[in-house]
Amino acid sequence: MEHQVNDLRSALELLRKLSGQLVETRVEIDPKAELAGVYRHVGAGGTVMRPTNVNGPAMLFHNIKGHADAKVLIGLLASRQRVAALLGCKKEELGRKLGACVHNPIPPVVTEKKAPCQEVIHRAEDPDFDLFQLIPAPTNTPLDAGPYLTMGMCYATHPDTGVSDVTIHRMCIQAKDELSIFLQPGSRHIGAMAERAEELGRPLPISVSIGVDPAIEVGACFEPPTTPLGFDELSVAGAIRQRPVELCNCVSIEERAIAHAEYVIEGEIQPGIRVKEDQHSHTGYAMPEFPGYLGQAFDECWLIKVKAVTHRIHPIMQTVIGPSEEHVNLAGIPTEASILQMVERALPGKIVNVYAHPSGGGKYMAVLQCRKQVPTDEGKQRQAALLAFSAFPELKHVILVDEDVDIFDTDDVLWAMNTRFQGDRDVIQIPGVRCHPLDPSSRAAYSPSILDTGISCKTIFDCTVPFSMKEAFRRAPFMEVDPQRWLHG
């Protein structure tokens with residue numbers, strides 16, 4: 001019988017059945033820098049400073065210093081193979097599967113049953129209430145602004161429309177009942193909700209669910225234009241599982257949370273209040289971000305006043321290293337789905353597959369596998385690259401290759417660049433386009449062409465063979481055989 005995944009615990013049970021996908025340890029670990037330092041070597045990958053291990057196992061720490069009753073999980077999604085196993089498909093099919101789910105959403109439902117996430121309830125008015133003690137949130141490096149929540153599913157409702165949405169944001173514990181939350185101005189859905197609530201002079205209720213079904217975590221990372229304001233990404237997870245995500249009513253605010261979460265933090269984003277992210281550490285840094293550098297501390301973070309924390313008995317805190325392969329998969333697979341959807345609508349059948357490459361953190365670089373079948377297909381590969389930039393605005397570089405190139409094999413992609421690419425004719429530059437503010441090269445100090453932080457020169461690297469020359473670029477043919485006879489004979 002197929003193993004059903006509907007929460008974090010059932011996901012871990014599946015990994016326990018798969019060889020080499022989960023390591024559990026009862027050796028005490030300090031969540032302050034030590035935990036991330038260990039996982040950096042075990043399985044972080046991504047853009048983490050080398051040495052690191054790519055496609056290593058997830059790790060579950062059972063003995064957390066200062067937190068006797070809690071566990072911490074890291075790296076659940078730090079392997080594309082593991083993500084595919086958890087979502088029930090082949091790793092090469094993840095982008096297409098997610099795209100199909102966006103087109104066939106199943107909305108969440110509110111359960112009236114006792115929610116597992118509310119087995120234990122702590123209210124802010126309790127005399128011993130303290131987020132630092134309740135939440136075993138790690139600091140990834142000694143320079144971090146504080147303990148961060150990096151895998152919290154933030155759920156809120158628009159004050160005008162009543163439409164709800166889920167997104168992931170970095171949140172730092174600032175006081176016993178306060179979190180800072182980084183909301184990029186004018187961008188993601190909950191940011192727009194908070195801005196509108198502030199205009200109305202009222203707080204925005206928000207729940208933060210930690211430790212959930214991985215389908216929710218991946219689905220939450222879709223962005224406009226694929227999922228515009230008003231699209232609840234929990235419905236993507238519903239489509240992945242072919243059953244709705246169950247929500248429960250919060251105990252202290254007028255909002256809902258993910259019923260099967262390990263932890264839920266309930267609070268309100270305060271209007272008219274901003275806090276300095278590193279107000280306690282004064283290092284100037286926040287935490288490691290997906291490009292591989294320490295993110296700069298933001299001077300104008302929004303403030304969440306926490307009203308309650310609920311959790312399961314023996315809860316599991318889930319965390320992620322910002323630059324790790326886990327972020328690549330969280331951001332990159334929805335990126336692939338978004339690009340495939342837009343290109344397929346405009347150029348049906350011309351793109352075989354898309355890979356959001358780890359070197360770009362799942363956001364900055366995509367490799368497009370192109371199909372040229374007739375002379376008039378020439379040039380459509382570059383049109384597909386332009387569509388990719390439209391589908392995912394934070395994309396910076398697109399590499400185009402032919403269908404005989406394995407886009408998931410970097411050596412093969414670079415082979416195409418070395419034998420099917422000439423810099424004077426195959427580079428297409430689009431300067432002065434908005435990209436992503438965390439790219440440290442997208443600053444005026446780096447280039448006078450950059451008028452504002454976050455603007456980049458978007459670039460296409462066309463490593464496809466001209467259609468008229470395809471015969472001259474046929475790869476050396478080998479006999480098709482099954483090697484198993486010789487390997488196991």
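Buried, in what follows, means under 20% relative accessible area. One caveat before the residues: this is a predicted model.

C117 has a relative accessibility of 0%, so C117 counts as buried. C117 is in no disulfide, and the nearest cysteine sulfur belongs to C248, 3.6 Å away. A disulfide here needs the two sulfur atoms within 2.5 Å. C435 is in no disulfide either; for C435 the nearest cysteine sulfur is that of C457, at 10 Å. With a relative accessible area of 5%, C435 is buried as well.

Which residues gather in a patch of negative charge? They are E92, E93, D406, D409 and D411. Take D409 as one of them. D409 sits in the loop between β21, residues 397–402, and α11, residues 410–419. The relative accessible area of D409 is 33%, so D409 is classed as partly exposed.

Next, the nonpolar side. M479, V481 and W486 form a surface patch of nonpolar residues. Together they have about 410 Å² of accessible area. M479 lies in the loop between β23, residues 455–462, and α13, residues 484–487. Is M479 buried or exposed? At 72% relative accessible area, M479 is exposed; the cut-off for that class is over 50%.

Key:
Residues are numbered from 1 along each chain as its sequence is written. This is a predicted model: local features need pLDDT of at least 70, side-chain atom pairs count only at pLDDT 80 or more; totals for chains, interfaces and linings use all residues. Side-chain values use heavy atoms; hydrogens and water are left out. Patches are made of residues with over 30% relative accessible area and no salt bridge: like charges are joined within 9 Å, nonpolar side chains (Val, Leu, Ile, Met, Phe, Trp, Tyr) within 5 Å. Accessible areas come from the Shrake-Rupley method with a 1.4 Å probe; for residues, only the protein chains shown count as cover. A salt bridge is a side-chain nitrogen of Lys or Arg within 4 Å of a carboxyl oxygen of Asp or Glu. Lys and Arg count as positive and Asp and Glu as negative; His and the chain ends are not counted. The place of a charge is taken as NZ of Lys, CZ of Arg, CG of Asp or CD of Glu. Helices (H or I, at least four residues) and strands (E, at least two) are DSSP runs, numbered from the N terminus. Buried means under 20% relative accessible area, exposed over 50%, partly exposed in between (1.4 Å probe, protein chains only).
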